[in-house]
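I opened my notebook to look up a few things in this model. Here is what I am working from.

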Amino acid sequence: MLSSKIQVSVKYCGSCNPLIDLAKLGNALKEALSQDNDLTLVPPESARIDIMLILCGCPRACGNKEEIRARAARSIVVAGETVDLVPTPEKDISAAIMKKLKSG
Amino acid sequence: MIMGMIRGDEYRERLQRVKPEIYYLGEKIESVATHPAFLPHVNAVALTYDMAWAPEFEELLTTKSHLTGEKINIFTHIHHSTADLVQKVKALRALGQQTGSCFARCVGHDALNAIYSVTYDMDQKNGTEYHQRFLNFLKEVQAKDLFISGAMTDPKGDRSLSPSEQADPDQYLHVVEKRRDGIVVRGAKAHITGAVNALGHLVMPTTSMKEADADFAVCFYVPVDAPGLIHIFGRQTNDERKCGCLIDQGNVEYGIVGGEALVVFDDVFVPWEHVFMCGEYDFVFELVERFATAHRQNYGGCKVGLSDALIGATYALAEVQGTAKASHIRDKLVEMVHLAETLYCCSLACSCQGYALPAGNFMADPLLANVTKLNVTRHIYEIARLAQDIAGGILATLPSEIDWQDSRVGKYVDKYLKGVASVPAETRMRLLRLIEGMTCGTALVESMHGAGSPQAQKIMIMRRANWEHKKRLAQKLAKIRERPK
């Protein structure tokens with residue numbers, strides 16, 4: 001039976017020289033998603049992904065590739081201290097992503 | 001005729017039609033397009049137009065406008081990918097190889113790109129209408145293939161004081177009056193490349209500002225012949241050789257630098273349609289950094305093109321002097337190439353690592369762009385030093401072309417300046433003069449201070465280096481917070 005929750009997956013850029021702590025951000029999102037009634041975290045290889053979170057350590061956004069975005073209908077890109085190109089302090093990124101995820 | 005692309009001749013004709021106020025050596029200049037002091041700079045800019053039409057350079061020097069879809073000269077383009085950024089660097093190298101000197105168009109181009117993104121950001125935050133205003137201007141620049149200068153550096157007065165703290169407020173360009181139809185500005189911009197042979201100036205503030213500096217936070221476009229605009233052209237090393245000499249000029253057609261001037265704004269009126277920032281002091285740093293990044297990105301392109309020509313001159317001279325096969329000469333030539341290509345690597349790297357801004361355009365990686373330019377302040381000097389080393393002392397003692405042509409002593413100059421028997425002395429003289437022009441005096445200072453002095457790059461590197469990340473890496477490796485077993 002298919003999950004009725006929105007399926008969210010996370011893909012990292014590779015972290016060569018990150019300006020933000022991607023592991024910390026990833027863990028914070030994992031924690032937030034595990035407590036959410038509408039959202040659930042699935043692996044990047046999943047057959048169904050509704051929203052792809054692309055987490056990149058710097059503005060270069062190496063993880064923001066067409067083939068990654070194509071895995072889901074919608075994607076959100078973190079690139080250093082920006083979320084979808086909107087400047088966002090590191091401490092606020094997790095909350096900004098959750099707000100975007102919940103906004104549909 | 002393609003909309004958005006003109007040729008060098010049309011650029012020269014445009015220069016003849018405008019009447020800017022220009023002074024040089026106490027003389028008011030009537031025609032920049034024909035005066036020998038300015039002709040080298042006009043020739044270099046004209047080449048940026050003509051090369052765009054040449055099939056062998058077209059791929060680098062033209063692109064498609066994201067606004068109209070029309071084919072345009074690369075110098076009016078807004079970068080929309082890392083490929084665009086890489087193309088700019090390659091175009092600059094190709095141009096530098098052909099001119100052997102600064103060709104001036106990159107500054108205004110970089111200003112266009114910086115202002116494009118910052119006007120968008122200001123509008124997003126404040127609900128202003130700068131970006132649409134700028135887009136209208138940009139369309140005109142692209143349609144006319146307009147050569148505009150980028151004017152950022154203020155005279156600065158007392159460097160320890162902010163703009164609003166100066167004893168003379170005119171040390172930083174500022175707004176003195178706001179009218180219903182526009183603003184009036186006063187002050188000056190220094191070291192402005194291409195100022196005397198551009199068709200207009202894109203003026204930007206030069207340093208980060210606070211609320212008290214709001215009158216100095218101003219960005220606008222002004223045509224070169226606007227009333228109250230005065231240009232005082234700078235002297236260059238051996239600039240008198242432009243008048244009456246040929247061989248002694250070295251770079252006969254294009255000169256040695258971009259042609260810089262002090263531009264005075266003596267209560268110049270700017271209509272609102274050409275004002276792109278007026279009082280938004282909190283966006284000045286963003287504008288300065290984005291412009292500086294774009295401009296510092298360039299230097300591993302254009303200066304490497306110049307270095308290609310200089311290395312070629314040095315290699316050719318070594319052959320003429322019979323030293324080309326000496327192992328130490330070959331080693332020095334290899335070192336020159338190594339240094340030049342290192343700079344090219346830097347410019348390519350900061351371009352490849354470029355990224356999108358909220359407006360959708362791309363900028364180079366700021367940290368790497370500053371590293372590029374800081375390396376230019378060192379490597380170009382070392383390349384020049386090696387060229388002078390290989391050339392020998394004759395670089396500083398060479399008799400003039402006038403004595404070489406003199407009926408009494410010319411035969412001696414010709415006899416004793418000869419190197420290997422198969423090459424005429426004139427060839428050696430021409431190569432020496434080219435190396436002299438490219439390595440002595442003004443040309444080198446451009447590599448040091450153009451696009452900002454070394455300390456400006458270090459400040460940006462300090463800001464951009466990820467210190468906390470580096471510290472965490474060290475702490476993890478040394479297990480700083482773990483108790484010893």
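Two strands pair if DSSP finds at least two bridges between them. Helices (H or I, at least four residues) and strands (E, at least two) are DSSP runs, numbered from the N terminus.

I noted the ground rules. This is a predicted model, where local features need pLDDT of at least 70, side-chain atom pairs count only at pLDDT 80 or more, and totals for chains, interfaces and linings use all residues. Residues are numbered from 1 along each chain as its sequence is written, chains are lettered from A and ligands numbered from 1 in the order in which they are written, and side-chain values use heavy atoms, with hydrogens and water left out.

**Entry: the six-stranded sheet**

I looked up the strand order in chain B and found β2-β1-β10-β11-β7-β6, an open sheet with mixed pairing. Glu21(B) faces Ile230(B) in β10(B), standing opposite.

**Entry: the four-stranded sheet**

I found an open sheet in chain B with the order β5-β8-β9-β12 and mixed pairing. Its edge strands are β5 (148-151) and β12 (275-278) of chain B, each pairing on one side only. From one strand to the next, the twist averages 20° (axes are lines fitted to C-alpha atoms, for helices over the stretch in contact, and angles run from 0 to 180 degrees between N-to-C directions). Strand β9 (residues 218-223) of chain B runs antiparallel to β12(B), joined by three bridges. Cys219(B) stands opposite Met277(B) in β12(B). Helix α6 (residues 130-144) of chain B packs on this sheet and touches β5, β8 (200-203), β9 and β12 of chain B; contact means heavy atoms within 4.5 Å.

**Entry: salt bridges**

I searched the whole structure and got 30 salt bridges over all chains. The rule asks for a side-chain nitrogen of Lys or Arg within 4 Å of a carboxyl oxygen of Asp or Glu. I picked Arg93(B) with Asp308(B), whose closest N and O atoms are 2.9 Å apart. This pair links helix α4 (residues 82-99) and helix α7 (residues 284-321) of chain B, and the two residues are 215 residues apart.

**Entry: chain A against chain B**

How many residues of chain A are in contact with chain B? I found seven, touching twelve residues of chain B. Across this interface the rule finds zero salt bridges.
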